[in-house]
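Subject: Structure handover

Hello,

Here is the structure I promised you. Please open it next to this email and follow along.

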Amino acid sequence: MILLLIAGAYLGWSRGFREEPQPAWVFETPESRFKYGSIGAEHDAGIPYWIFYVLPRIFPEKFRQDGQVVAGGYAALGVAWEEGQELPVGFTKKTIGFPRVANNCAACHTTSYRRSVDSSPVFVTAGPGHTVNIQNFFRLLIDCAKDPRFDADILMAEINRVTSLDVIDRLLYRFLIIPITKKRLLEREAQFEWLYRPDFPDWGRGRDDAMNLTKYFMIRAPMDDTFGPTDIPAIWKLGKYQWDKGHRLNYAGDSHDVHSVVIDSALGVLGAAPADKADFLGQVKWLQDYLTRLPPPDYPFPVDAARAAAGKLVFEAQCATCHASERTGRPAALAEVGTDRGRLDSWNKDAAIKANKVVAGMGIERRGLVEEDLIGYRIPFLDGIWIRAPYLHNGAVPTLRDLLEPAASRPKVFWRGYDVYDPQRVGFVSDGEAARRKGSRMDTGAKGGSNQGHEFGTGLSVADKEALIEYLKTL
């Protein structure tokens, strides 16, 4: 038995360095490649496929939403899941010795909406993933690894119920893959400690605290008290950003250009230096080329053309100075906009310098993160604004109609992450039984969640507001 174990482990481990290409269907269209194509994360951040498969069967109580157990396994995390697909959008499967599951950019950057309660979801490539709960996914993996049931005997018993592994793979899983996976997940616990802080509210669906993730993972900074969750952004039509015109990327304008953002985002998914730098940079180039040209989605409901034409005049008089001018894409001072400063405070010049050194140490060239103190938030382009709800950088205002009200009149509590669209208010349904059951509670009085600021247009007449919103649907 010992000789068989040693032989099996040796053969299995040597197979671990052998990489097989993904199936051809993944690359049949640019859209399928974006949704399911590997960017190399399986090497260091991947979860062995059969462990990933049985986690919902062994730990159903850990698949939670707002503290409540939610049925449906990984679907409870709000991931986009196309009918007939083995894995959710943004989850990749690749064999590197054994099948592994990892993520790509589409896990966060895919939007889903339904025209009505009874309709099927429509998935929008490169849109903001307003339903996905990233924080819960991070916690889920660690919480499972900490559980005594994350044990070779228990996991293998469940794996054997759903598949028939060969002798080598059974040995490999029992004596190497399961123990090593548990060890690596537990090693993340210290880095993810801030995700469990009781004095920080949950991010909720459709948000992440991206720059703190960068601080604690890339530059290994000590934990501080900053908290800056933001809406996951749309990443279509990236060609509109031109760094030589002063355009900046990320909410606080802390990155120079599209190339840098794609690299840094992909490195964030990998969680480590790329195993194959040339392949990684090839994937980055493909992503950048694809997202540079990809258009935003068209508004799927009827538009009143006459009202929209009137709204264009309102827009040009009230909004274009910021959102359709040389200022668009550039940072504006926080005092001018008056929105929550949590995201701005979560990053600084010193962190940017350190992060740029880390990436340069990988032998990767890019303009990188802006090595200067930040002044406020980048003025956004408004393409596809109809599906980018909730609004403000931190997603603290549920609909465009609410955004045109003074801050004191905006909803103080609502539920984000429900996918039924509300064409009257222009955003997603954010209250009611279904929204409360499916979504996550957003309290605008909580840390990082203020709905203050951006009171531009709030003094317009009702007719002008109606016209403006009709025009915004067409962008």
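Below are notes on the nonpolar cores, the aromatic rings and the charges over rings.

Keep in mind that this is a predicted model.

Start with the cores. In soluble globular proteins, nonpolar side chains tend to be buried together. Here the largest nonpolar core has 68 residues. Phe-34, Phe-280, Leu-291, Phe-315 and Leu-468 touch the most other members. Several helices give two or more residues to this core, among them H2 (30–36), H9 (277–293) and H17 (462–472). Helix H8 gives the most, with 7 residues.

Now pick out Leu-291. Leave aside its neighbours within four places in sequence. Leu-291 is then in contact with Phe-34, Ala-126, Ile-235, Trp-236, Lys-237 and Leu-238. There is also a second, separate core of 46 residues. It includes Phe-137, Leu-165, Leu-185 and Leu-213.

Next, the rings. The structure holds 25 aromatic pairs. Look at Phe-52 and Tyr-74: their ring centres are 4.1 Å apart and their planes are at 5°, so the pair is stacked. Phe-52 is in helix H3 (residues 49–58). Tyr-74 is in the loop between strand E3 (68–69) and strand E4 (91–96). The two are 22 residues apart, and the pair links distant parts of the chain. Are these two buried or exposed? Phe-52 is buried, at 3% relative accessible area. Tyr-74 is buried too, at 5%.

One aromatic cluster is formed by Tyr-113, Tyr-299, Phe-301, Trp-386, Tyr-421 and Phe-428.

Last, the charges. The charged end of Lys-93 sits over the ring of Tyr-49, 3.9 Å from its centre. Arg-100 lies over the face of Phe-98, at 4.2 Å from the ring centre.

Best wishes

Technical notes:
Residues are numbered from 1 along each chain as its sequence is written. This is a predicted model: local features need pLDDT of at least 70, side-chain atom pairs count only at pLDDT 80 or more; totals for chains, interfaces and linings use all residues. Side-chain values use heavy atoms; hydrogens and water are left out. A nonpolar core is a set of buried Ala, Val, Leu, Ile, Met, Phe, Trp, Tyr and Cys residues joined through side-chain atoms within 4.5 Å. Buried means under 20% relative accessible area, exposed over 50%, partly exposed in between (1.4 Å probe, protein chains only). Helices (H or I, at least four residues) and strands (E, at least two) are DSSP runs, numbered from the N terminus. Contact means heavy atoms within 4.5 Å. Rings of Phe, Tyr and Trp (its six-membered ring) pair if their centres lie within 6.5 Å; planes under 30 degrees apart count as stacked, over 60 as edge-to-face and the rest as tilted. A charge sits over a ring if NZ of Lys or CZ of Arg is within 6 Å of the ring centre and within 35 degrees of the ring normal.
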